[in-house]
Amino acid sequence: MIINHPLLGPRDSSEFYHLGDATLIDRPNREDVNAAEAFYEYLYVRDNPAGKYCELWYHEQGDRSWLVVTRDTTTHEISEVKLASDEARARGRSV
Amino acid sequence: MTQDMRLDGGLVDRSRTISFSWNGKTMQGYQGDTLAAALLANGVKLVGRSFKYHRPRGIFSAGSEEPNALVQLRKGAYQEPNTRATVAELFEGLEATSQNHKGTLEFDFLAMNDLASPFLSAGFYYKTFMWPRAFWEKVYEPFIRSAAGLGALSGETDPDVYDKGYLHCDVLVIGSGPAGLSAALAAGRSGAEVLLCDEDNVFGGRLNAETFKVGGTSGVEWARNAVAELEVMDNVRIMSRTTVYGAFDHGIYGALERKTDHLRSANGKPRNIAWKIYSGRAILCAGATERSIAFGNNDRPGVMLAGSVRAYANRWGVATGKSIAVFTNNDDGWRTASDLVEVGANVAAVIDSREIEPFMNIPGVSVTVGAGVCDTTGRKALKSVTLTTGQTLDVDCLAVAGGWSPNVHLTCHQRGRPSWREDIAAFVPGGDLPPGMSVAGAANGVYGTRACLVEGRAAANAAVKELGFTASRKGADKAEDEPANITAYWHVKESTKRAWVDLQNDVTTKDVKQAEQEGFRSVEHLKRYTTMGMATDQGKTANVLGLAIMAEARGKSIPETGTTIFRPPYSPVPFGALAGRSKGKDFQPYRITPSDKWARENGASFVETGPWLRAEWYVKGDEKGWRDSVDREVIETRKSVGICDVTTLGKIDIQGRDAAKLLNMAYANGFAKLPVGKTRYGIMLREDGICMDDGTTARLGENHFVMTTTTVNAVAIYRHLDFIRQCLYPDWDVHIMSVTDSWAQYAVAGPNSRNLLYKIVDEEFDLSNEAFPFMACADITICGGIPARLFRISFSGELAYEIAVPSRYGDSLIRILHKAGKEFNVVPYGLEALSVMRIEKGHAVASELTGQTTAQNLGMGRMISKKKDCIGNILSEREYMNSDEIWNLVGLQPVDKAMKLDGGSHFINKGDAPRMDTDLGWMTSVAYSPTLGHHIGLGFVKAGSSRMGDVIRAWDGVRKKDVEVEIVSAHFFDPDGERLRG
């Protein structure tokens with residue numbers, strides 16, 4: 001596969017480490033009400049779509065950016081690649 | 001032996017005679033021959049035995065689709081089994097032998113399997129070897145293993161070199177027949193970067209096997225001219241002997257180049273290269289493969305594909321028989337007869353299954369229409385064929401033309417499904433091609449030469465336009481479209497004898513029908529039940545035929561019956577090529593420590609830890625075994641001072657105003673309040689509360705920390721910190737950098753370590769216990785101004801330091817430390833002594849942090865902060881993880897002090913049988929403690945913390961051992977830590 005890195009352009013997927021579901025960005029906090037339940041949901045309850053899926057990839061053999069890659073699990077078509085830090089900010093993780 | 005079957009003409013170089021041997025017999029061929037062509041020229045009919053029934057078999061085809069002629073090439077370590085004689089190029093001195101027979105090829109003892117064939121039909125494994133169950137391991141499996149398989153491996157290490165490579169192009173053209181060459185020319189003329197690959201050793205594809213005219217000259221000549229034009233284009237690269245074997249995601253293709261297979265010796269050059277090709281667009285011009293027709297005894301040596309018979313005559317100047325008959329269901333079969341007559345071969349008859357007017361008038365050839373061949377005779381070579389009309393023809397070669405199947409394989413590598421075209425009785429590429437791929441020529445079901453040239457050009461022009469190039473206006477060269485009408489005809493129903501569908505796997509029409517009757521009706525089930533379409537040829541000549549027969553048996557159409565999925569590789573790829581240079585020592589890169597050179601000079605032996613080579617112990621004097629060295633290193637270190645290279649531990653430099661926040665989030669224990677100039681031990685959890693890693697982190701400044709990780713987790717922890725930094729807290733002001741390689745780091749341990757360091761640390765730095773206590777750290781200078789970092793940390797339990805200098809000083813520092821330490825009898829110690837000392841202290845390493853164990857298991861549950869948010873602390877609070885029933889890390893010592901302990905032993909109570917439900921835990925680490933004078937161990941014992949002093953059994957079912965052990969504290973040595981604080 002080829003991942004179109006937002007800063008570096010097209011790179012072979014062998015340069016990357018694949019982590020999984022990009023919902024890992026949405027980590028709850030210890031202070032949340034029902035934190036135990038929230039962490040259980042966060043860590044163990046995932047969708048497994050046949051189709052578009054947002055995943056975290058790490059450009060380990062490159063610039064060490066975490067990326068959010070939207071990949072179709074049935075065709076491997078990659079429709080969008082974003083820097084995970086931008087995505088985290090967009091999801092309200094600025095502190 | 002003379003080449004009796006050689007005709008005039010052909011493309012071989014008759015001025016260059018080549019000697020080779022077949023089963024020990026010396027023969028001659030010409031430069032340009034394949035082994036198959038040369039064997040046929042020498043009148044060799046029988047070349048192998050079939051897989052299951054050991055039936056005599058001959059050469060069936062002239063290309064990579066060959067199911068029968070699998071042979072062994074070369075000798076000794078170079079031996080290469082299962083090579084298709086039809087693609088093996090002849091070279092001087094080639095030694096080839098037949099395979100898959102017991103006894104000689106002519107008298108194969110396993111031919112008795114053929115008599116037992118009624119018992120060996122489809123699914124016989126599943127039915128026969130079901131019972132009694134106990135027979136499986138002792139009787140059935142050894143029997144099947146001895147009978148199964150084709151060629152044999154030498155058992156020696158492959159001495160050849162293989163390589164991997166990467167290529168980039170705008171347009172990849174796969175195949176160099178008329179469509180492929182036309183596509184490559186058009187794409188090349190547009191200025192695009194073009195890569196043209198062909199599996200053959202010459203370009204031109206079928207043009208080399210036919211007598212077609214192209215552009216006013218012979219097809220062969222036209223192909224040569226096209227290649228000459230491509231060769232001078234700077235933007236075009238052409239590769240022969242290169243099979244594109246797989247279509248992968250995003251325009252990536254896999255290709256195997258056979259670089260030196262055609263030479264007697266590779267002379268150190270790579271035998272094969274596995275290429276990874278990145279393409280903008282790909283044009284598949286892979287041509288088509290002819291298939292057979294099923295009729296009684298259609299597997300005899302001499303029954304061949306008609307297009308191949310024609311290829312042997314036209315390209316190699318070889319007659320495949322003294323008297324040849326053609327059996328066809330289509331127009332193309334007739335061309336075999338006319339071409340053969342043209343080159344002077346003897347054609348006895350054409351039998352066409354269609355009720356048609358004779359298609360052409362070929363002098364001297366009898367024609368029968370509306371008939372088929374229903375049986376043959378001749379055990380080791382064809383003698384006669386019998387027609388459905390009852391007529392018998394004495395022929396030694398039968399050319400069968402069952403129609404052509406487009407080579408759609410690569411169009412299906414991303415789950416694309418081909419579609420059926422009734423008019424040409426073939427599967428053509430479906431609509432769902434891999435992105436960026438187009439198909440042209442026979443691979444697309446287009447069989448006329450003119451149409452192939454036009455379609456190849458059109459596909460290339462479309463591709464280059466999509467990439468932003470301007471297509472060349474030059475038109476395709478002129479040619480004719482040859483007639484190619486066909487009426488589907490799959491098997492001769494009048495036949496009463498066994499009729500083969502898949503020659504390589506000995507699958508007959510009866511097996512296919514039986515699969516249908518027994519419910520294995522889906523094509524995927526048919527394949528697995530009968531093995532049709534498996535092994536080296538992947539059913540290239542068989543699949544469509546088998547499908548058609550299944551469709552007929554089910555009373556359904558072929559499209560309703562479906563096809564199996566084609567997967568890479570298109571043709572076999574040697575494992576050696578896939579491995580490339582990554583074998584043995586070079587399997588992966590290895591890293592050496594800064595003291596590597598010094599260690600080699602001083603008797604070290606080495607062990608791999610992660611990617612590193614670390615000294616495991618240093619042999620001194622006449623020490624006989626490793627235990628002598630390790631025991632001495634431990635005793636001397638605890639007595640005076642020892643030095644160990646600990647550079648391999650991961651080091652991560654962490655800086656920024658939010659550096660402490662990052663550490664507080666990553667570690668389960670608190671780091672925010674760690675004072676500058678201090679080091680702290682920390683444990684990291686995964687989000688699920690399982691222990692991930694441990695190590696020490698030093699605070700060198702308000703906003704500057706240096707973290708150490710375990711050697712094996714260095715990469716994973718760095719990635720984890722970056723995850724927290726980028727994905728969870730993108731606006732924290734903190735940056736990290738791996739500095740593992742930047743600093744050479746040595747542990748200096750033992751009661752004299754401070755005295756030793758006094759000799760090299762610059763005067764202004766006070767190392768006294770008061771000024772530089774346990775867990776202190778500082779930037780210092782040594783040896784008159786060399787920058788260094790000093791940490792007062794201890795893994796050995798001794799008064800100890802770790803000293804780090806920029807890597808370039810690493811070799812120098814190890815020498816200076818040993819020189820300075822001479823007066824204290826300093827010793828180097830290796831990884832094994834380090835391990836002994838950490839077991840004596842009860843420190844956990846990867847054997848204890850297994851990815852299954854929690855901080856609570858390790859006795860460090862109380863370290864997990866509940867005051868702050870950090871990775872893993874919430875889920876570590878789950879009820880079971882905190883119950884009294886969990887495993888606890890404890891020390892274990894043998895009741896009989898003379899007994900040895902073994903890692904991996906399981907613990908059970910005295911009197912219990914060793915079972916899952918009585919299992920109490922397992923031994924994680926063991927060592928002989930020279931300090932205590934007996935073996936000691938660490939292990940996890942269920943509720944072990946409350947069982948101090950209990951005696952249990954360490955049971956080892958693998959080594960057949962059973963030792964009574966006492967549960968003790970994991971801190972065997974200096975439990976109060978007086979030594980390390982001294």
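How many cavities of 30 Å³ or more does the count come to?

Modeller: In this predicted model, the count comes to ten cavities of 30 Å³ or more. The largest cavity has a volume of about 200 Å³. Its lining is made up of 20 residues, and those that lie nearest the centre are B:Ser405, B:Lys540, B:Asn543, B:Val544 and B:Phe566. Two elements of chain B, strand E25 (404-406) and helix H12 (543-554), each give two or more residues to this lining. The largest share, three residues, comes from H12(B). By class, the lining of the largest cavity contains ten polar, eight nonpolar and two charged residues.

The second largest cavity has a volume of about 130 Å³. It is lined by 14 residues, with B:Gln538, B:Asn543, B:Ile565, B:Phe566 and B:Arg567 nearest its centre. The lining of the second largest cavity divides into six polar, five nonpolar and three charged residues.

B:Ser353 is placed in the loop between strand E19 (347-352) and strand E20 (366-369) of chain B. B:Ser353 counts as buried because its relative accessibility is 14%, and the cut-off for buried is under 20%. Apart from neighbours within four places in sequence, B:Ser353 is in contact with B:Phe327, B:Thr328, B:Asn329, B:Gly370, B:Ala371 and B:Tyr489.

Key: Residues numbered from 1 in each chain as written. Chains lettered and ligands numbered in written order. Predicted model: local features only at pLDDT ≥ 70, side-chain atom pairs only at ≥ 80, totals over all residues. Heavy atoms only, no water. 1 Å grid on protein atoms, 1.4 Å probe; cavity = no way out; pocket = protein on both sides within 12 Å on 5 of 7 lines; lining within 4 Å. Points joined across faces, edges and corners; volume = space filled by probe spheres on them. Helix = DSSP H or I, 4+ residues; strand = E, 2+ residues; numbered from the N terminus. Nonpolar A, V, L, I, M, F, W, Y, C, P; charged D, E, K, R; others polar. Buried < 20%, exposed > 50% of the residue type's maximum accessible area, 1.4 Å probe, protein only. Contact = heavy atoms within 4.5 Å.
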